Amino acid sequence: MQENKTHNVATTRHDNKAVKKPNSAEILFEIVEKRRSIRKYKPCDMPQEDLKKILNAARLAPSARNAQPWRFIVVKDQKMKGFIAKSIGPQDHFAKASAVIVVLGDQNIAPDWYLQDPMIAAEHLVLAATALGYGTCWIGALADWVPENTASVKQAL
Ligand SMILES: Cc1cc2nc3c(=O)[nH]c(=O)nc-3n(C[C@H](O)[C@H](O)[C@H](O)COP(=O)(O)O)c2cc1C
């Protein structure tokens with residue numbers, strides 16, 4: 001993930017002229033418009049506080065019958081990031097991200113919705129990270145429909 005400057009919510013400037021504070025709808029639309037897939041990352045050690053905020057936004061996502069059939073594995077270990085990147089082929093850009101968050105769906109908890117619900121949570125996660133100024137990129141190559149990519153990674157995680 002990469003640090004970017006996000007919206008400015010200051011209410012006064014150095015010359016004391018009032019600056020309009022964006023309302024929550026404006027902030028939301030700004031974040032949605034700002035989000036795009038980022039595949040180059042500046043070195044940064046994501047503070048635990050930011051990680052907690054991002055994961056909290058994810059767990060607040062809606063889910064069918066409120067089953068919340070998701071689990072999140074945060075990978076910050078460089079060796080493990082490198083291993084995952086290598087396991088899923090040529091797209092190893094995310095090995096340089098400060099954190100990789102693996103989103104899992106629990107089929108036992110929600111047999112009908114274990115694929116959809118975690119993906120909603122994942123987008124909450126992405127938007128929260130964007131709001132905090134991080135660049136993100138979904139990596140679908142770890143999904144179950146690419147079984148050759150997942151077996152060894154699942155075992156390692
Ligand atoms: C389910 C899903 C899987 C994706 N998988 C990958 C991926 O494996 N590698 C990658 O670089 N981008 C991946 N992306 C990012 C898309 O390529 C990207 O969202 C799309 O091109 C639109 O660009 P934008 O995100 O900048 O708006 C994925 C996106 C989604 C939603």
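Helices (H or I, at least four residues) and strands (E, at least two) are DSSP runs, numbered from the N terminus. The model is predicted, so local features need pLDDT of at least 70 and side-chain atom pairs count only at pLDDT 80 or more, while totals for chains, interfaces and linings use all residues. Residue numbers start from 1 along each chain, as its sequence is written.

**Figure 1. The loop between H2 and E1 holds Asn66 and Gln68.** Asn66 has a phi near 55 degrees, a positive value in a residue other than glycine. Gln68 is not a glycine either, and its phi is positive at about 50 degrees. A residue is buried if 20 or more other C-beta atoms lie within 10 Å of its own, exposed if 12 or fewer, and partly exposed in between, with C-beta atoms placed from the backbone. Asn66 counts as exposed because it has 8 C-beta neighbours inside 10 Å. Gln68 has 18 other C-beta atoms within 10 Å and is therefore partly exposed.

**Figure 2. Helix H2 (residues 48-59) packs with H4.** Their axes are 7 Å apart and form an angle of about 145 degrees. Such axes are lines fitted to C-alpha atoms, for helices over the stretch in contact, and angles run from 0 to 180 degrees between N-to-C directions. H2 contributes Lys53, Ile54, Ala57, Ala58 and Arg59 to the contact, and H4 contributes Ala121, Ala122, His124, Leu125, Ala128 and Ala129. Two residues are in contact if their C-beta atoms, placed from the backbone, lie within 7 Å. The residues of this contact comprise eight nonpolar, one polar and two charged. Here Ala, Val, Leu, Ile, Met, Phe, Trp, Tyr, Cys and Pro count as nonpolar, Asp, Glu, Lys and Arg as charged, and the others, Gly among them, as polar.

**Figure 3. The largest nonpolar core has 22 residues.** A nonpolar core is a set of buried Ala, Val, Leu, Ile, Met, Phe, Trp, Tyr and Cys residues joined through C-beta atoms within 7 Å. Ile54, Leu125 and Ala129 have the most contacts inside this core. Two or more residues come from each of H2, strand E1 (70-75), helix H3 (78-87) and H4. H4 gives the largest share, six residues.

**Figure 4. Phe94 lies in the loop between H3 and E2.** Phe94 is buried, because 22 other C-beta atoms lie within 10 Å. Leaving aside residues up to four places away in sequence, Phe94 touches Ala85, Val100, Cys137 and Ile139. Phe94 and Pro111 are 17 residues apart along the chain, and their C-alpha atoms are separated by 30 Å.

**Figure 5. Asp112 occupies the loop between strand E2 (100-105) and helix H4 (116-131).** Asp112 is exposed, because 12 other C-beta atoms lie within 10 Å. Asp112 and Ala64 are 48 residues apart in sequence, and their C-alpha atoms are 8.9 Å apart in space.
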